[in-house]
Amino acid sequence: MNEKKQWYAVYTRPRWEKKIANQLRQNKIEAYCPLNKTWKKWADRKKLVYEPLFTSYVFVYVSESEKIAVKRINSKINFVYWIGKPAVIREEEIEAIKDLLSQFNNVKLEKADVNIHDKIKITNGALIFREGNVIEVQSKSVRVFLPSLGYHLIAEVDKSDIEVIDVVNKFNSTHMLQFR
């Protein structure tokens, strides 16, 4: 029987990502631990090192029946859950990570609590209860498009003063992930 394989995120102990990926591969399970090339500087030298891009995560490409084999590798790992089921990672996302890491060094991750095109409601200030779409995300604020009176109003609003109503790409919204 040839079951369909999919990518899943596996949660590991911190600093065990490379070790778990190697154990998975030794057991004939396809695993991907995205490694970020970064320069580390010590007092006496500078060296290019490969660090996991995602702390405590490894991706596995397995069928439904192979999930048990993944958990047998090490009792300290488990699948990342989303809406009560192991989170499926799209092939395109894995390929995008691979492409990015092959072309760039020292890649940084930043948690996206608000994404461009998300629909939001303002919860504080002069524009309270107004709804709009995010058109730009900055470090502490977002620019919001507010359709009103036939004009396109664009306001810069502090992130603490908004509430997300509709997320455009729910998988990238990591607050939905659960660990089990």
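This is a predicted model: local features need pLDDT of at least 70, side-chain atom pairs count only at pLDDT 80 or more; totals for chains, interfaces and linings use all residues.
Residues are numbered from 1 along each chain as its sequence is written, and side-chain values use heavy atoms, with hydrogens and water left out.

**Stop 1**

Select Lys40 and Glu51. Their side chains meet in a salt bridge, 3.1 Å from N to O; the term calls for a side-chain nitrogen of Lys or Arg within 4 Å of a carboxyl oxygen of Asp or Glu. Lys40 sits in strand 3 (residues 35–41) and Glu51 in strand 4 (residues 46–52), 11 residues apart. Helices here are DSSP runs of H or I with at least four residues, strands are runs of E with at least two, and both are numbered from the N terminus. Glu51 is partly exposed at 30% relative accessibility, and Lys40 is partly exposed at 32%.

How many salt bridges does the structure hold? There are 7. As background, side chains of opposite charge can pair when their charged atoms come close.

**Stop 2**

Now pick Lys67 and Glu64, whose closest N and O atoms are 3.2 Å apart. Is Lys67 buried or exposed? Lys67 counts as buried, at 11% relative accessibility, while Glu64 is partly exposed at 48%.

Jump to Glu163 and Lys121, a salt bridge with its closest N and O atoms 4.0 Å apart. Glu163 belongs to strand 13 (residues 162–166) and Lys121 to strand 9 (residues 119–122), so this pair ties together parts 42 residues apart in sequence. Both ends are partly exposed: Glu163 at 39% and Lys121 at 24%.

**Stop 3: aromatic rings**

Show the rings of Phe, Tyr and Trp (for Trp, the six-membered ring): two of them pair if their centres lie within 6.5 Å, and planes under 30 degrees apart count as stacked, over 60 as edge-to-face and the rest as tilted. That rule gives 4 aromatic pairs. One of them is Trp7 with Tyr61, a tilted pair with 5.1 Å between centres and 40° between planes. Trp7 is in strand 1 (residues 6–11) and Tyr61 in strand 5 (residues 57–62), so the pair joins parts 54 residues apart in sequence. Trp7 is buried at 3% relative accessibility, whereas Tyr61 is partly exposed at 23%.

Next, highlight Tyr11 and Tyr57: their ring centres are 6.0 Å apart and their planes at 80°, so this pair is edge-to-face. Tyr11 is in strand 1 and Tyr57 in strand 5, 46 residues apart. Tyr11 is partly exposed at 33%; Tyr57 counts as buried at 17%.

A charge sits over a ring if NZ of Lys or CZ of Arg is within 6 Å of the ring centre and within 35 degrees of the ring normal. Lys46 lies over Trp39, 5.8 Å from the ring centre, and Lys98 lies over Tyr32 at 5.0 Å.

**Stop 4: the nonpolar cores**

A nonpolar core is a set of buried Ala, Val, Leu, Ile, Met, Phe, Trp, Tyr and Cys residues joined through side-chain atoms within 4.5 Å. The largest has 16 residues, and those with the most contacts inside it are Leu24, Ile29, Val60, Val70 and Phe79. Strand 1, helix 1 (17–26), strand 5, helix 2 (67–73) and strand 6 (78–82) each give at least two residues to this core. Apart from it lies another core, of 13 residues, including Trp7, Leu53, Phe54 and Ile94.

**Stop 5: helix 1**

Which residues of helix 1 are buried? They are Glu17, Ile20, Ala21 and Leu24. Look down the helix axis: these buried residues fall within an arc of 100°, so they line one face of helix 1. The arc is taken from the directions running from the helix axis to the C-beta atoms.

**Last stop: Asn36**

Finish at Asn36 in strand 3, a buried residue with a relative accessible area of 7%. Lys108 is 72 residues away from Asn36 in sequence and 8.8 Å away in space, C-alpha to C-alpha.

Terms used. Buried means under 20% relative accessible area, exposed over 50%, partly exposed in between (1.4 Å probe, protein chains only).
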